[in-house]
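Look over the fold before reading on.

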Amino acid sequence: MNVTPDLRGHTVVALHAHPDDEAIFTGITLRRLADAGARTVLVMATGGELGESRVPLRPGETVSARRMAELEAAADLLGIARIVLLDHRDSGLPGWTDARHARALAAADPVALARRVAEVVDAEGAGTLVHDDEQGIYGHPDHDATHRIGRLAAELTGTASYQMTIDREHLHVTARDRHLVHGAARAAAVPFGRVTVEISLAVTGSATDLERKRAAITAHASQVAPEDVPAEDFAITYGYEWFRRTGRPGALDLLGNAHLTAGTALAPAGTAVSAAVVAAP
């Protein structure tokens with residue numbers, strides 16, 4: 001269900017691993033929160049230095065500098081009020097030696113970084129924290145790290161914690177091999193996402209919300225071309241954003257729940273579920 005609550009006075013902190021993750025996995029959610037009056041704060045863990053640029057860089061420009069500029073443009077489109085940089089280095093795909101770099105996020109102390117995120121949460125008076133789930137969505141070392149950091153920060157602050165993920169059954173039925181996560185998971189040679197019954201909340205939005213999400217994704221032009229997220233099937237591929245909540249309800253629940261299992265008790269692990277999927281907006 002797509003509702004427009006009054007979220008003035010609410011603050012949500014979203015922790016992401018790389019520039020463009022905020023748009024791909026939470027673009028609708030962040031835009032709708034901002035439109036409802038919530039303050040949204042984005043904590044970006046790395047500069048995405050190891051994402052090769054698909055466009056020529058300016059003389060003297062680095063991939064990280066380009067990606068930071070793109071992040072600022074995407075954040076503006078999504079209504080993000082503040083960006084906080086943890087200033088760690090991209091760790092690369094599973095098995096890469098880059099994960100052992102002195103500044104790599106995967107090699108950083110998650111407790112120390114959780115304390116930094118907790119300081120942001122406390123300073124902002126945030127009641128909700130969004131971060132990767134325990135599978136890191138698709139097992140990327142940096143997404144695994146942001147799960148650990150986010151989980152610890154939520155425990156330190158007592159915030160409502162929403163762990164972002166992907167409903168792989170939904171995508172298998174409606175948008176097989178069309179989501180950017182499919183290519184990312186192939187590149188990492190890892191599985192991704194969760195089955196429908198494991199997910200408690202799905203956020204969707206209006207056609208305008210989806211247009212803003214697509215604009216925010218393509219603002220990351222060094223990484224994503226417009227043809228990578230074609231407009232004609234964007235809604236069916238990117239029209240839902242999925243979360244597993246731990247702890248008390250927070251601001252995301254107030255956006256309404258468009259998930260297939262909304263209003264029903266979640267089945268125990270291993271229970272067979274129907275492949276039926278809610279129609280995309």
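Which residue in S7 is the bridge partner of Ser161? The partner is Thr246. This is a predicted model, and the pairing is read from its coordinates.

**The sheet**

That bridge belongs to the pairing of strand S5 (residues 160-165) with strand S7 (residues 241-246). The two strands run antiparallel and share 5 bridges. Thr165 also faces S7, where Trp242 stands opposite. On to S6: this strand is antiparallel to S7 and is joined to S7 by 3 bridges. One of the residues paired with S7 here is Leu201, whose bridge partner is Phe243.

The whole sheet is open and has 7 strands. Their order is S3-S2-S1-S4-S5-S7-S6, with mixed pairing. Strand S3 (82-88) and strand S6 (201-203) are the edges. Each has a single partner strand, so one side of each lacks a neighbour in the sheet. From one strand to the next, the twist averages 25°.

Helix H2 (residues 63-77) packs on this sheet. H2 touches strand S2 (39-46) and S3. The directions of H2 and S3 make an angle of about 155°.

**Two helix pairs**

Two packed helices are described by the angle between their axes and the distance between the axes. Two pairs are set out below.

| Helices | Axis distance | Angle | Handedness |
|---|---|---|---|
| H3 (residues 110-124) and H5 (residues 141-157) | within 8 Å | roughly 50° | right-handed |
| H1 (residues 21-35) and H8 (residues 207-218) | 9 Å | about 130° | right-handed |

Take H3 and H5. Their axes cross at roughly 50°, and the two helices are therefore oblique to each other. From H3, the contact draws on Pro110, Val111, Leu113, Ala114, Arg115, Val117, Ala118, Val121 and Asp122. From H5 come Arg148, Ile149, Leu152, Ala153, Leu156 and Thr157. By class, this contact has 11 nonpolar, 1 polar and 3 charged residues.

Now H1 and H8. They pack at an angle of about 130°, which makes H1 oblique to H8. H1 contributes Ala23, Ile24, Gly27, Ile28, Arg31, Arg32 and Asp35. These meet Asp209, Leu210, Arg212, Lys213, Ala216 and Ile217 in H8. What is the make-up of the contact of H1 with H8 by class? The contact has 6 nonpolar, 1 polar and 6 charged residues.

**Confidence**

How values were computed: Residues numbered from 1 in each chain as written. Predicted model: local features only at pLDDT ≥ 70, side-chain atom pairs only at ≥ 80, totals over all residues. Heavy atoms only, no water. Axes fitted to C-alpha atoms, helices over the stretch in contact; angles between N-to-C directions. Helix = DSSP H or I, 4+ residues; strand = E, 2+ residues; numbered from the N terminus. Parallel < 35°, antiparallel > 145°, perpendicular 65-115°, else oblique. Left-handed = near helix turned anticlockwise from the far one by under 90°. Contact = heavy atoms within 4.5 Å. Nonpolar A, V, L, I, M, F, W, Y, C, P; charged D, E, K, R; others polar. Pairing = 2+ DSSP bridges.
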